[in-house]
Amino acid sequence: MWPQKVKEEALVACGRRCCVCHRFCGRNIELHHIEMESKGGKSIFENCIPLCFDCHADAGHYNSNHPKGTRYSQSELRKHRDSWYQAIQRLSFLEHQWEGSSDKQTKEIYEDQIVTLKGFVWREAFPGPPNYESFETDRVETYWMLVLPEPISLFANSFETEETIKIENIKKLQLCVNPDFYEANRNIVRTDVELTGKLFMSITGHHHGDANFDIRTDLLNKSINFAPSALDALTRADY
Ligand SMILES: [Zn+2]
């Protein structure tokens with residue numbers, strides 16, 4: 001049994017998301033002993049990794065004589081957990097910043113304007129077809145989101161009235177890129193980047209951000225700046 005304090009700290013640290021597959025679990029999350037209890041593993045924060053049911057089974061707790069696949073080693077599990085806790089910490093840091101930014105003048109952007117924005121790239125899972133409702137019954141779709149350090153506003157043309165409308169408090173952008181981009185740029189997930197492209201408003205059920213960010217792949221080499229941003233330096237200090 002996990003002491004209540006360890007349980008709470010671990011669940012907050014992971015944001016109730018699985019440390020291996022990163023899906024949001026809500027109640028369906030379990031705490032796994034990295035070093036098994038039967039082998040002397042202690043019920044302490046350091047020996048704990050929150051996992052979804054599937055990953056927990058894969059981690060060997062339930063199927064100790066797994067005939068197929070590659071077993072998770074203890075050090076691998078620790079690495080998964082530590083990098084995941086760090087990402088969640090980065091996100092909550094940004095959320096914290098949003099609160100303090102309400103009295104500042106927000107950046108205003110127009111659709112069709114080419115802009116360069118800094119943010120934290122975050123891979124997020126959503127329920128997909130057929131019903132777009134539940135992780136249990138629907139297929140899971142994952143998208144890359146850019147989490148902004150400060151909310152921005154977008155002026156966009158309404159499809160219904162053709163009037164220009166102002167969408168405020170945009171904090172999370174869904175990145176619109178082609179499959180090649182994902183393949184070639186996996187290393188930007190869970191890092192701070194600067195990306196260039198155009199914003200457009202969310203219209204369909206496939207759009208999960210406050211707005212969409214269409215990364216200009218024709219500007220690809222110019223559009224990505226992997227250099228650590230000022231933002232990055234800021235959080236490192238905060239850790
Ligand atoms: Zn999982």
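**The zinc site and beyond**

Modeller: Let's start with the metal: the zinc ion has Cys18 (SG), Cys21 (SG), Cys52 (SG) and Cys55 (SG) as its protein donors, lying 2.3 Å from it. Donors here are N, O and S atoms within 2.8 Å of the metal (3.2 Å for Na, K and Ca), and water is not among the atoms, so sites may look incomplete. Before you go on, this is a predicted model: local features need pLDDT of at least 70, side-chain atom pairs count only at pLDDT 80 or more, and totals for chains, interfaces and linings use all residues. Residues are numbered from 1 along each chain as its sequence is written, and side-chain values use heavy atoms, with hydrogens and water left out.

Biologist: Got it. What geometry does the site of the zinc ion have?

Modeller: Tetrahedral, with angles of 103 to 115° among the four donor atoms. Four donors get that label if all angles lie between 85 and 135 degrees; four count as square planar and six as octahedral if opposite donors are over 155 degrees apart and all others between 65 and 115, and anything else is irregular.

Biologist: And how are the donor residues of the zinc ion spaced in sequence?

Modeller: The pattern is C-x2-C-x30-C-x2-C. Cysteine 21 sits in the loop between helix 1 (4–14) and strand 1 (29–33), while cysteine 55 is in helix 2 (residues 53–58), so this pair ties together parts 34 residues apart in sequence. Helices (H or I, at least four residues) and strands (E, at least two) are DSSP runs, numbered from the N terminus.

Biologist: Is cysteine 55 buried or exposed?

Modeller: Cysteine 55 is buried, at 7% relative accessibility, whereas cysteine 21 is partly exposed at 28%. Buried means under 20% relative accessible area, exposed over 50%, partly exposed in between (1.4 Å probe, protein chains only).

Biologist: Let's zoom out. How many helices and strands does the protein chain have?

Modeller: Six helices and eight strands. Along the sequence they run α-β-β-α-α-β-β-β-β-α-β-β-α-α. The protein chain has 239 residues, and 43% of them count as buried.

Biologist: What about contacts in the protein chain?

Modeller: Taking those with a separation of 6 or more, 65% are between residues 24 or more positions apart. Contact means heavy atoms within 4.5 Å.

Biologist: Switching to aromatics. How many aromatic pairs are there?

Modeller: Six. Rings of Phe, Tyr and Trp (its six-membered ring) pair if their centres lie within 6.5 Å; planes under 30 degrees apart count as stacked, over 60 as edge-to-face and the rest as tilted. Phenylalanine 45 and tyrosine 85 have ring centres 5.8 Å apart and planes at 35°, so that pair is tilted. Phenylalanine 45 is in the loop between strand 1 and strand 2 (48–52) and tyrosine 85 in helix 3 (residues 74–100), so the pair ties together parts 40 residues apart in sequence. Tyrosine 85 is buried at 11%, but phenylalanine 45 is partly exposed at 31%.

Biologist: What kind of pair do tyrosine 110 and phenylalanine 155 form?

Modeller: A stacked one, 4.7 Å centre to centre with 20° between the planes.
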